[in-house]
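Please look over the structure below, chain by chain, before reading on. The paragraphs that follow begin with one chain, move to an interface and end at a single residue.

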Amino acid sequence: MIARRGIAVLAGAVLLTSITACSSDSSSGDGAGKTLNVLVSANSIYPQQQKDWFASVSAKFAEQNGGAKVSFETFASPNDELTKIQTAVLAGQGPDVYSLGTTFTPTAYATGAFVELSADDWGKVGGRDRFLPSTLTLSGPDATHEVGIPFTSRPFVMAYNKDMLAAAGIDKPADTWDGLAAQAKQLTKPGQFGLAVAYGDGFDPWKFIWAMSVQAGNPLVADGKASLSDPVTLKAYQTYLGWLANDKVVDPAAVGWKNAQAIAAFGAGKAAFLPMVSATSKVTLDKSAVAGKYAYAIMPTVPPGQSALPANGKAATSILSGDNLVVAKYSKNKDLAYALIKMLTSAEWQETYYKTFGELPTNAEYAKTLQGDAALAAIVDSSSKAVGTPFSGAWSQVQLALVNVVVQSVPNLAKGKVDDAALQALLAKAQSDAQAALDKAKK
Amino acid sequence: MTRVRVREAQVQQLLPGPLRMIVVAVLLLLVGAPMAYVGLASVNSDLDVVAGEFWPSHLVLGNYVSIWSTVDLGSGLLNSFIVCGAVALTCVAVSLGSAYVLVRYAFRGKAMILRGLLALQSVPGTLLVLPVFVLFASTANAVGVQIIGTRWALIVTYLTFALPFSTWVMVTYLRGLPAELDEAAVIDGATPRQILLRIVLPLSWPGMVVSGIFAFLLGWNDVLYASVLTAPDTRTAAVALQVFGATQEGGAIPPYGQLMAAALVCAVPVVALYLVFQRYLVSGLTAGGVK
Amino acid sequence: MSQATGRRGRIPWWMLVPGGLLMIVVIVVPLLAAVQISLLDLDQYTFREWLSAPFAGLANYTGALRDSSLLHAVWVSLGYSVIVTVVTVPIGVAAAVATHNAFRGRGLVRSVFLIPYVLPAFVVGTIWRIILQPQGIANQLLHGDGLWLNGPRSFWALVLVQAWSSWPLIYLLALAGLQSIDPLLHEAAALDGAGWWAKLRRIVLPLLRGPVALAAVIAFLHDLNAFTLPFVLFGVPAPRDVEVLPVLTYVESFQNFRFGVSAAMAIFSLILVLVPLVGYLRAVRLEKP
């Protein structure tokens, strides 16, 4: 009895929240006394710079918007962010602007909790055409239903040890996965391995599988159908796990590596190639033993077992990675939010951001000026050839299913084998989980 | 006189001296070995920590300096102390009162209440995050005050989560105290409040210290609730610590050296606090001089 | 020790009010809301308007039982929690007994024993993850190259780390329990000429039964609901050998966005835990004075 009344009170209060949230959308212009709350990822490599950046954004924004304040809040991990988003959406109360990873944007779109940008809204953030077209791929399911405004681009590339390649007489990294495996074999000798791969990481493994599958013509998800148990995807897993088990070009300890250990191994000069890193790895590598001896290249774009890109394959160099900004529907300061986003995606502020944190711009005008930079060539190249992951509200679940296959294969991998039967069983399970998630999405 | 005291001490002795030394030494090693590693890692470079190196190739004392600027560890510690201290004090007071009633009075449903407390203790925290957040958000809206983002939200949450256990601790402890002690006071016409404050409380220090420590640490260690219920200026130390373990996607390795340094720095004040409070972990019976 | 069954007369109910009210508002009401959620088809498509999410009845419960690894997770969770409790109770009691009598440096030793419990679980997890990684200290000391954080050994890694971080809880309770033992009993034992072991077994440990039985329950529940430690130690998706309940429900809710299913899992497991718990309470007569 009491309980039911409790729920009723709770329910009533929630209803009240949503009503007030809908009705009091104020127009901007005069921002005095208003505070815009922005949730972004905490930067543990450049903590002081991030604080300074927060301060200078706030100061400039107040100056331009009649004294409106910007209050930045940070989250430590993607899980932390997910929890925050969910509580805020459920309660209809929280930050006005969120910075989201690109691959999470489809799920955020599915919640319907973020503003779909009208032509008018795009105008307020500086126009849709100020952004590099490729960075808009994961803004929404199509050009008229977009929630994410591209903020930074973080394409994946491969680091390689120039000295080791030169010593082995290899002039440049291969552009096929088979070629890379062959080079890695050539570079493996006592005390040195061809590849550094983080099999124990909770995020990275799916990006390899996705890239190899897409290159072989399987987008993994299309028209609400999952195709995770496709032969080319099986081949991708066999290749990825086979580097350690069959080719023996990866340190056996890598079965337990997170991304950090892979970077450390490469940094200690114990591996020739380090695939799947972003530009921020530079911070660690420049402090390591291989400082000055390494370079970045794009990862192979020809799928395993092939010598040229198949007709239906896409030469994906990387997933489309980076951050999008979204505005919460419950926000009472939408116009101020657009004003802030307009400022942050302007050429001037994108330059500051790149120079401070090393993350690539999404602003087309500023991106053009970076093209001439030789050190960045591979990264900019990868950025333009990155392919967006499928725009589905169930993508997070598909991603989790893909990683799970690797996690559950690790015990076998530790014994030095890739068990095809076990792998197929895991893939069948991943396929059914992914399909179940997609089925829910369609209705 | 001295001989009497020596004999007294021997009588109270639970373990023979050498055996006690062995037990203490083994346990110190159990706790100390991993902590020694943490200490070494805290002055090591991040790359070496990740690579599993034991001895630092060169000392990186800078970690102890950087931790204060990487995150607001100072204000995090302050917030943790304010929140957890308030929780501990209130929790001890509330659970002492509840336990007194539950132990000294007979009434219908008493066993049910005690059982219910343990049932509440078994509710997993992850289940309640979303409902608790909505509860605070909607109450705040209905009343028109800010709750989420303030320290009050955390204090109320931790206090409540600590209560079932703390009450049980006090119940178990109070049961050990002879009922005759306060029976006399009842006959003298003392009110329950007087009995609680003048007779029961002075005898209950060990139970109260344990309840308080538990309540304190519950909030001190929590990350899940603290990360959704706080604003940047009310963030607790545990949440601040999380940033040190944060991975940048595909990028630089987390500052593990700083994480280890910060973990030690955050543990020190609590250990020191307990060092002070463990004085009160003496038998209430001997302390109260009831013989 | 004689124990009054309870006094009659005017009961000072007001002493129960603050605690009772808080627990009803902050635990019981949200718990009921969680029960309601477990009956809804609540996911990323419906949770913004959760009050109007479609009613799913028991579908979440049957779905969780049929399509997820819920039963496996219950089994893993129960197994490891029981083992950790059985391992930590003697350690905790031994620590309390050893630090009961005064000796030089006792205060410091007592405080040092608390350290594992003082470190946030996330820190403990990170530290041990680095220690247990393939080229980490553990393998260097053991001259092995075993895999601790995945595969069959990961279960024992979880037991080890959880035991390391949770034994001080039992130690604290046992230490407080020792203080409530009447010093006169020691004298009686001495007069009987009982040795230390006889005294410990016949007098001290039986009197500690209440606090230790409580400590065992609390430690068990603490282990069963521990989320952060396995989460940080093994990451998600969890290796199958350490797919414990809290991690499963967390992933289901916060990563897969199946809030309804997740709530159903948590409530199902809650009921599963409460049944043996009530039996235990009866058996050790913890709830009766």
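**From chain B to one residue of chain A**

Among the contacts in chain B between residues at least 6 apart in sequence, 75% join residues at least 24 apart, a contact meaning that two C-beta atoms, placed from the backbone, lie within 7 Å. The model is a predicted one, in which local features need pLDDT of at least 70 and side-chain atom pairs count only at pLDDT 80 or more, while totals for chains, interfaces and linings use all residues. Residues are numbered from 1 along each chain as its sequence is written, and chains are lettered from A and ligands numbered from 1 in the order in which they are written.

Chain B has 15 helices and 0 strands, these being DSSP runs numbered from the N terminus (helices H or I, at least four residues; strands E, at least two). Its C-alpha trace spans about 70 × 65 × 30 Å along the principal axes, and 58% of the 291 residues of chain B count as buried, that is, with 20 or more other C-beta atoms within 10 Å of their own, those C-beta atoms being placed from the backbone.

Chain B also meets chain C, where 92 residues of chain B are in contact with 90 residues of chain C. On the chain C side, helix H1 (residues 17–38) gives the most, with 11 residues.

In chain A, Pro205(A) is found in helix H8 (residues 205–215), and Pro205(A) counts as buried because it has 25 C-beta neighbours inside 10 Å. Leaving aside residues up to four places away in sequence, Pro205(A) touches Tyr199(A), Val403(A) and Val406(A).

Definitions and conventions: Buried ≥ 20, exposed ≤ 12 C-beta atoms within 10 Å, placed from the backbone.
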